[in-house]
Amino acid sequence: QVHLVESGGGLVQAGGSLRLSCAASGRTLSRHAMGWFRQAPGKERDVVAALLWSGGSTYYADSVKGRFTISRDNAKNTVYLQMNSLKPEDTGVYYCAARMGYINYDPSEYGYWGQGTQVTVSS
């Protein structure tokens, strides 16, 4: 069992930055992929960024490439999403998720989810 807790969301003006954190507990994540997903009001939950906990592979949605960075801290068992140059269309609830195995873009393939953290970008 993996327990995930997100933090770091909030209200920011366009062009600003936020760093989201996802603290994991319950079991080792060395064989897991971790993803950050975003769900805007009335829209589906989409992958924003993902990485393999063991390293060597990351993924970014085209809409965030060059602006967002996903990273992990093994010692703290935490995954981060650094978000720069934020835009109003980045607004949504951001979820951290984990799955055993490789990176996957389909949220239904992730078995562990955090409660989500709201990010609102004002214009």
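This report walks through the aromatic pairs and nonpolar cores of a predicted model.

## Ground rules

Local features need pLDDT of at least 70 and side-chain atom pairs 80 or more, while totals for chains, interfaces and linings use all residues. Numbering starts from 1 along each chain as its sequence is written, and side-chain values use heavy atoms, leaving out hydrogens and water.

## Aromatic pairs

The whole structure holds 5 aromatic pairs (Phe, Tyr or six-membered Trp rings with centres within 6.5 Å; planes under 30 degrees apart are stacked, over 60 edge-to-face, the rest tilted). One of them joins Tyr95 and Trp113 edge-to-face, at 6.2 Å centre to centre and 80° between the planes. Tyr95 belongs to strand S9 (residues 92-100) and Trp113 to strand S10 (residues 112-113), 18 residues apart; strands are DSSP runs of E, at least two residues, numbered from the N terminus.

Tyr95 is buried at 14% relative accessible area, whereas Trp113 is partly exposed at 27% (buried is under 20%, exposed over 50%, partly exposed in between, with a 1.4 Å probe and protein chains only).

## Nonpolar cores

A nonpolar core is a set of buried Ala, Val, Leu, Ile, Met, Phe, Trp, Tyr and Cys residues joined through side-chain atoms within 4.5 Å. The largest has 28 residues, and Met34, Trp36, Leu81, Met83 and Tyr94 have the most contacts inside it. Strand S3 gives the largest share, 4 residues. Apart from this core lies another of 8 residues, including Phe37 and Ile103.
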